[in-house]
Every structure is written in C-alpha cells, then in structure tokens.
Amino acid sequence: MAEANLILVGVNHKTTPVEIRERLAFTKGKIEDSVERLVGFPDIIEHTILSTCNRVEIYARVSNQDSGIDFIKQFICDFHDLSPMELEEHFYSFRNEEAVEHLFRVSSSLDSMVLGETQILGQVKDAYSLARDLRSTGLILNQLFEKAFSVAKKVRDETGIAERCVSISSAAVELAQKIFDDLENHTVMLVGTGEMAELAAKHLISYGIKTVYVASRTYERAANLAKTLNGSALDFEAFKSELHRADIVITSTAAPNFIIKKKMVEKAIHERKNKPMFFIDIAVPRDIEPEVNDLENVYLYDIDDLQVVVVANMHEREKEAENAMTFIRDEVTKFNNWVGSLDAVPTIVELRNQAEAVRKEEIEKTLKKMSHLSEEDQQALHQMSSSMINKILHKPTIKLKKQTQSQDGHVYLKAIRHLFHLDD
Amino acid sequence: MSLVVGTESTDSQPRVGLYMGNIAFNIALLSYLVSALGYTLYLVYRRPMVNLISAIALGLGLFSQTIAIGLRSMETGHGPYTTGFEVASFFAWVIVVVFFLTEWKYRIRDLGAFVIPVVFLILFYSAFQSREIAMIDDPSTMFWLTMHRTLSILGYAAFAIAFGAAIMYLIQENQVKSKKLGVMYFRMPSLEVLDDLNYKVIAIGFPLFTLGFMTGSIWNIKSDESFFSWDAMRTWPLIVVWLIYSGIFFGRLLVGWRGKKAAQGAILGFVTIIVTYFLHVV
C-alpha cells in the first residue's frame, strides 16, 4: 500500500450556489441508503460522507483514483437525480495529500464561510461517527478523521482563529464582558424595540443578564418585547429617570435626534457612584450623543464602531488562518509518513534480501568444502535452499500483507523489523 | 536611625551560612529574571508552557530567597529589617508571596508581567547594597523596628500588586474607550476585575501601611529621639505616600472614585513609594 489512494469529491459554498447545494444534501437516512450502495462497490474500500449546509463531500479510499473520482461524481448525481453535465463545473476533487489537507482545513474551520466558526468540527465528528456505525470506514479513514479532530483542536487552542467575535451582537457581548466581567448581576435597558437590539439583548441574556427593562414610544410594543425577554416595560419618558439603574443600555429608536444626551448620562453616572455604563447605539440615525463617550467610566459604541470591531476581528482571523496552515501542512506530512509506514512491501523485500544473503553465504561456505560435487549437484543445492527460504517466508509474507491492512497493522511491521534486526 | 554598622565578622573564620546565603540569593535573582522575562514573553507569545515555566521559576526564586533570608537571619540574629540590603530583598520576597496569593485568588495570568519585573528590579538593586551586618545597639527597640518594617513592607507589597493591576486597567480602559481593540484587549481581564483587585489590595495594604507608619513613630521615640525631632527629609515623603493612599482608599468609599482615577492613584502612589524609599531608608 505505497499509496493510500485517498480521494475526495465534493461541492462547497465557494463553488456551488445554495440552490444546487440543497439538492445535493445527504440527510442521515440518505447517508444510510448511499452507504449500502457504496459498500457494494468493490473499488471503494472505505468512505465517509460529510453533508452540511455549506458542503457535501465524500472522502474515500479507492483502488483506482481516476475511476474512483468519476464513480463518486456519477454516484452523487444519480443519487439525487441530477445530470452530471449540470454539476461538473461545481465539483472539486482532491487526491492523497491534497485530500488530507482539505479535511484538516475543513475541520479546523479554515474552509468555512465564517473563518473559525465552531459548528463544523461537530458536523465532521457526526459524519465520521455515523460512517463508523455503518462500518463504511477502515484503517486509513479512521486514522485520518481522528487526526483531523486533533488538528482542529490544536488549531483552536493554539491560534487565535476562534478568539475574536465576528458578529455585531457577539462583539457587543464581548465588550460587555470586558467592562463588567460576569454579566450575571447586571441590568440591561432597551430603549426602542428594534430587531438588532432584541437580538443583542437575547445574546446578553444567554450570557447571564437577569434584569431587563424595555422602553418604547408605544408602550404596548415595550410590553410585548419585555414579555419575550422576561423583563419589565417602562414608560418612554420614565426611562430617563431610570437610566442609572442600567449597566448596559441598547438604543434602537427611530427618533431623528439624540434622545440620550451627555448631561443625562452625567447625572445617571453620578447617581451610580461612577459604576461603569456601557451604551450600545444600534439606531440610525443615532440615538445617543457621541460626547457621552468622553465621560469617565462610560463607554459608547454605535453601530459603525461595532462594525469596525467585527471587520478588524475578521482580518485577525485571516491572519491566524495563515498561521494555522503551517501547522496543518506539518500534520499532513506526518499523516503521509504514517501511511507510508503501513506499506508492507519494503519490509518484505528487506526480509527476503536478508534471508537470501544468509542462504548464499552458508551455501557457498558448504560448497567450498565439497569441491567434489558436480555443477549439477551444486545447482540442486542452490535450488533446494532457495525453495526452503521461500517456503518458510511465504506464509509470514501473506499474513503481513494482510495484517498491515488492519487497524494495528503497523505493530506487525514493527515487530518484524525488530525481530529480524532490519533497522540495524 | 540608631543602627551601628559593624564589621562582617569578629572571628577570622569565613561564615559558611553567609556564603551559602549568597548563593541562594543569586539563584533567586536569576530565577526572578527568568520569571519576569517569561511573564512578559507570555503577553505576546501565548503558550501555556511559557506561563508555567514563569510560575515555576518564580516559585524556585521564592524558595531560594527564603533560604537566603533564613540563613542570613541566623547569622545576624535578627530578621531582615536593618540594612538597605535586607529591607530591599525582604520587600521583593514579600511581593512575591502576595503575588502568589493574588494569583491563587484571582487567576489573572498576565499580572506577573506587570509585577515580577518590579520584583526583579528591587532584588537587583539590593544586590548592589552592602551586605555588612548591622548590630542593633538597643534590643528594647527591636520589637518596634520589627513591627514597623514588617507592616510597612506588607503594605508596600500590596501597593505593588495594586500598581500592576492599575497598569493593566489603564491599558484595557484605553482600548475599550478608544475602540481600538488590540491583542491586549483579548488577553487581559475585564475592567471590573482589575478595578476590584486594585480596591481589595489597597483596602488590605492601606491599614497595614498605616500601622507600619505608627509603629515606626513609636520606634523612633523609643530609640531616644523625640516625636518632633523627625528628620523632615525622611518623614515628609512618607506622609505624602500615606495621604495619596488614604485619598484612594477613602475617595472610593466616600465619593466613588473608581476605575481610571483609582488606577492613576495606585500608580502615582507606588512611584512615590519608590522615591520615598531612597529618601527614607537609604
């Protein structure tokens, strides 16, 4: 097995529009069906189907790469009743190292729409464990996927790829955590009931915020939103006098002018004995006077500020992705070496050479002492010793070739090399 | 300061204890250097290993310095309170102890980068001080001297931690305020945690320092100088330090001075302490 003959055929969000991707998706039931069909095909030795909303990929070990790739493309088309003509331009396929690198990139979320997102690793894990349950994977793919998981974990832990928030509301939550630390005993006040504000508030609540106030020009809307958020509604005019109660204020009204002014915040912060306040102004036009940010212990971010943070974070993730690639390339090489170590042929050749050398040496020693033998007799002795060696080595050779295909094949190889001093 | 600086030894035999103590001292100095560099490196080069090595080096340093101080105290027959060398190195030792306690309680990994370099510099400074042994002429004042120096140094050590937390606070505050969120924004703890740490260490350090100040006055009187004959150069800076920290302490309790003001106060206070140290002890 000098080559693992790994191939990958797939489509993803970069190559294929969603209208086609959705038609190609494999649900769990469909995967079970297709595994049944693929297992019957002798050229596919092992395979795993990965299907998420952004990608459909089949990883396989095949006996012939070219025909394997064509077969899988055809299979995907047939399975979903699509014409190969229609799909050809969308498919990508990789072989060996490239397929390995691709999987490492995918599970480390370097190939995702949002770099560093955390979902994909779970999806790859699910795909793999389903494939294992259906017994469609074997020695190579098992090792490949296990490796992909540890690579993904290492990329996550050792690069900042997932460190930075890339959505407005998560960036806002992170800022709140950098100001207040634990959000548990803090209070958020919503002024206006915009959708983004609601989203941000929900995000904050999921991080532990307990007390929520909602104020809106129409009291009913405030009451409704307060109900969904498990908070209490305020009269629109009342919020100004209650401002000091809020640690975090999110504004999203349609008001044409600033509704929260510096003076107002100055008063609130004084009443709070300088406990910090975090204002998030999601409204356009803005609701909060920008000078509010000049006050000590007060932090004001408007929608553009948050957008700038998010864009900067995305750039940072891209940089980290480059760092991750050096690491991934190393791991691909390591995986390749592992595949190489599974190859029984060199070991068998060395073993035979060693036996042949011993045979030759011994037979020549013997023949020197028996100069009376005819050429024919000498030839017969050579043949006899050769066939002895062949017979002795035949069964171990067959067994070794077979065992190296199994999960702990490399152990056999190691044992043979060790017992026969092949590495000395 | 009624100390009599004596010669190192009356007998001609070399003192093994002092010799060993010096070796332990040098190990401690080196360990603190490694730790200070490690913690600083960890700010940029985020590997858990670097943090761990820094902490181990610091632990080793503390251990060696404890031995160094112990051996020297056995030779001198009193605690490390008399000469400039003893006080400075004892100060470094106490900061490390307080730092470990803070780390244990707060787990602010980067605090070391802002505190341990200070520890190293203090010990490095002490390395150049005379290691001669000072005799105390009047044992009756020993108690007050010991109290004065121990309490003051405990207070100062707390202020050193507050100093580190304050620098971190200002860095973090600046990033959030200016909306330029750099690497430190992600790595440093929240403003609230840093401000809380600042508050708590000063709340502990300030009373200790005040007691140290009072016992110092008593020692002064006992050692035959009247209360009013203080050397102004030595005493006034201390009063300034006391005023700064009482300002920070009571300002927070009464007027709600917190955050940036408290951080700036803690930095001003610690810088004043360093200046005062040279005026007061040296």
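This is a predicted model: local features need pLDDT of at least 70, side-chain atom pairs count only at pLDDT 80 or more; totals for chains, interfaces and linings use all residues.

Me: Is B:S190 buried or exposed?
Reply: The cut-off for buried is 20 or more other C-beta atoms within 10 Å. B:S190 has 20 such neighbours, so the call is buried.

Me: How far apart in space are B:S190 and B:P207?
Reply: In sequence, 17 residues separate B:S190 and B:P207. Going C-alpha to C-alpha, the separation in space is 27 Å.

Me: Which element gives the most to the side of chain A that touches chain B?
Reply: The contact involves 19 residues of chain A and 15 residues of chain B. On the chain A side, α8 (168-180), β10 (298-302) and α13 (303-341) each supply at least two residues. With five residues, the one that gives the most is α8(A).

Me: And by class, how many residues on that side of chain A are nonpolar, polar and charged?
Reply: Take the side of chain A that touches chain B and sort its residues by class. The tally is three polar, seven charged and nine nonpolar.

Me: What does α13(A) reach from its first C-alpha to its last?
Reply: α13(A) has 39 residues, and at 1.5 Å a residue the expected figure is 57 Å. The model comes close to that, at 56 Å.

Me: What do the buried residues of α13(A) pack against?
Reply: The buried residues include A:L306, A:V309, A:E316, A:I328 and A:F335. The partners of the buried set are in chain A: α5 (96-107), α7 (139-158), α8 and β10.

Me: Over to chain B: which element gives the most to the side of domain 1 that touches domain 2?
Reply: The domain assignment gives domain 1 (1-137) and domain 2 (142-282), with 22 residues of domain 1 in contact with 22 residues of domain 2. On the domain 1 side, α3 (84-106) and α4 (111-127) give two or more residues. By class that side has 16 nonpolar, five polar and one charged residues. The element giving the most, with 10 residues, is α3(B).

Technical notes
Residues are numbered from 1 along each chain as its sequence is written. Chains are lettered from A and ligands numbered from 1 in the order in which they are written. A residue is buried if 20 or more other C-beta atoms lie within 10 Å of its own, exposed if 12 or fewer, and partly exposed in between; C-beta atoms are placed from the backbone. Two residues are in contact if their C-beta atoms, placed from the backbone, lie within 7 Å. Helices (H or I, at least four residues) and strands (E, at least two) are DSSP runs, numbered from the N terminus. Ala, Val, Leu, Ile, Met, Phe, Trp, Tyr, Cys and Pro count as nonpolar, Asp, Glu, Lys and Arg as charged, and the others, Gly among them, as polar. The expected span of a helix is 1.5 Å times one less than its number of residues. Domain bounds come from an automatic or database domain assignment.
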